[in-house]
Amino acid sequence: MSIDPNKGYVALLGWSLNAIDAIDRFDRKYIVVAPPWAEDYCKQNDIPYMSWDFDRLNERSHELAHRLKDEGVDVAIPLFEETVEWAGAINSVLMDNPRLLGQSMLFRDKSLMKRRAQLGGIRVGVFEEAHDRGDVIRFLKRVNQTLLKLEGDPNDPIHFKAFDKSGTAGHRVIRTPEDVDNIPDEEFPALLESHLDGWEFAVEAWIKDRKIQFLNISEYVTLGYSVFVPATPELESWRARITEEVEKLIEAFDIDFGFIHPEYFLTNDGKLYFGEVAYRPPGFNALELIERAYGFNGYQGIALMFDPKTKQEEVDAFFPEAVKDAKGHAGCFGVYPRRRVISRLEIPEETQNHPYFEFHELASPAEQKVTKRTAFGTHWGLAYFFGENPHRLRDLLKAQEDLDFYV
């Protein structure tokens with residue numbers, strides 16, 4: 001697609017081949033800001049590139065902002081959790097809006113984020129900061145006292161989360177004092193939360209001029225394992241309420257433009273609790289699933305939202321109608337080896353032969369022994385599915401948990 005000079009020049013912060021490929025096929029000028037190791041690849045593939053080490057301290061963000069400003073860039077788009085603050089700092093310079101830096105800090109600190117949501121009248125669970133193991137034990141005891149647990153009753157779990165990591169990274173479920181002993185010192189300080197029973201799901205919302213331009217509901221089958229889009233009709237029946245909650249987030253976090261990925265719990269009595277929100281593309285390739293179901297590219301949609309030169313007519317022409325325009329339901333399953341010792345990758349026959357199975361991105365094992373998972377751990381790759389019936393897809397994704405992909 002040829003570049004339209006009347007549209008904005010965007011900078012992608014971080015390295016994602018899917019995002020680069022999408023923006024390369026779009027009608028906007030772009031540049032990738034990535035660590036020095038990406039330079040050779042960019043040169044070989046004619047990718048516009050600027051070298052930057054994101055591990056440097058944030059004091060240098062001003063320098064990067066001015067380099068991008070001199071380059072003529074209109075806006076910076078964060079691709080990963082670690083680049084959200086950088087984008088806030090850069091955009092506060094490019095757009096002459098200092099508020100954007102403070103806003104990005106809220107998206108990066110889970111404790112500040114919860115407080116800001118609470119101030120905005122959004123329902124959250126009980127939460128606290130922990131500086132050491134003693135704080136975790138006290139919180140576990142207090143939560144369970146509040147729930148009127150008797151001596152000998154099993155504890156209600158609490159959740160321990162890193163302040164600034166994405167998704168399930170640094171997320172532990174704590175039930176006993178022994179679980180607390182297993183937390184390494186370097187994981188403090190952290191956020192503690194009460195456990196919310198309910199239907200957990202995520203939202204992807206593309207926002208322009210403070211309005212939701214497209215909202216997708218991603219249904220989790222099992223957190224950290226599987227997700228599919230669009231959601232089942234049962235969860236989609238809550239769409240109006242979910243939309244209201246996302247609008248509250250836009251108000252509370254003062255979001256004029258961009259893309260957010262919040263997570264919620266829907267309890268049995270129909271209450272919606274806010275979990276957390278990220279200002280970046282989601283993990284688990286949710287944008288790729290949305291493209292499979294709807295046909296539009298989510299990264300291009302994000303560029304539309306961030307670009308200050310985007311006109312509303314272009315937005316209206318870009319996004320389909322949620323749910324109604326989906327061609328089917330797309331889901332993926334994150335594979336973890338279930339055995340301690342493995343020798344090869346072998347896709348189970350019942351997966352391979354299922355009409356909903358499409359393809360996988362699983363690598364053959366480099367080592368025989370499987371390292372023990374800490375907290376939620378990282379999956380070894382994804383298997384993708386697509387089909388007409390959301391309930392059949394959901395049950396299929398659940399069934400994958402009992403199969404061995406590595407034997």
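Four strands make up an open sheet in the order 3-2-1-4, with parallel pairing; two strands pair if DSSP finds at least two bridges between them. Helices (H or I, at least four residues) and strands (E, at least two) are DSSP runs, numbered from the N terminus. This is a predicted model, in which local features need pLDDT of at least 70 and side-chain atom pairs count only at pLDDT 80 or more, while totals for chains, interfaces and linings use all residues. Residues are numbered from 1 along each chain as its sequence is written, and side-chain values use heavy atoms, with hydrogens and water left out.

**The parallel sheet**

- Strand 3 (49–51) and strand 4 (75–78) are the edge strands, and each pairs on one side only.
- From one strand to the next, the twist averages 25 degrees.
- Strand 1 (residues 9–13) and strand 2 (residues 29–34) run parallel and are joined by five bridges.
- To find one of these pairs, look for V10, whose bridge partner in strand 2 is Y30.
- Helix 4 packs on this sheet, touching strand 1 and strand 4, and its direction makes about 170 degrees with that of strand 4. Axes are lines fitted to C-alpha atoms, for helices over the stretch in contact, and angles run from 0 to 180 degrees between N-to-C directions.

- Another open sheet of four strands has the order 5-8-6-7, and its pairing is antiparallel.
- Strand 5 (127–130) and strand 7 (171–174) stand at its edges with a single partner strand each, so one side of each has no neighbour in the sheet.
- Strand 6 (residues 158–162) pairs with strand 8 (residues 190–194) in the antiparallel sense over five bridges.
- I158 has S194 in strand 8 as its bridge partner.
- Helix 6 lies across strand 5, strand 6 and strand 8, at about 155 degrees to strand 5.
- Helix 7 (residues 133–146) lies across strand 5, strand 6, strand 7 and strand 8, and runs at about 160 degrees to strand 5.

**Helices packed on helices**

- Two packed helices are described by the angle between their axes and the distance between the axes.
- Angles under 35 degrees count as roughly parallel, over 145 as roughly antiparallel, 65 to 115 as roughly perpendicular and the rest as oblique.
- The axes of helix 4 (residues 84–94) and helix 5 come within 7 Å and cross at roughly 170 degrees, and the two helices are therefore roughly antiparallel.
- Here V84, E85, G88, A89, N91 and S92 of helix 4 meet L100, L101, S104, M105, F107 and R108 of helix 5, where contact means heavy atoms within 4.5 Å.
- Helix 5 (residues 99–108) also packs with helix 6 (residues 110–119), at an angle of about 105 degrees and with the axes 5 Å apart, so this pair is roughly perpendicular.
- On the helix 5 side, M105, L106, F107 and R108 make the contact, and on the helix 6 side K110, L112, M113 and R116 do.
- Helix 1 (residues 17–24) and helix 12 (residues 298–306) have axes that come within 8 Å and cross at roughly 65 degrees, which makes this pair roughly perpendicular too.
- Their contact is made by N18, A19, A22 and I23 of helix 1 with Y299, Q300 and A303 of helix 12.

**The whole chain**

- The protein chain's secondary structure comes to 15 helices and 16 strands.
- Along its principal axes, the C-alpha trace spans about 70 × 50 × 45 Å.
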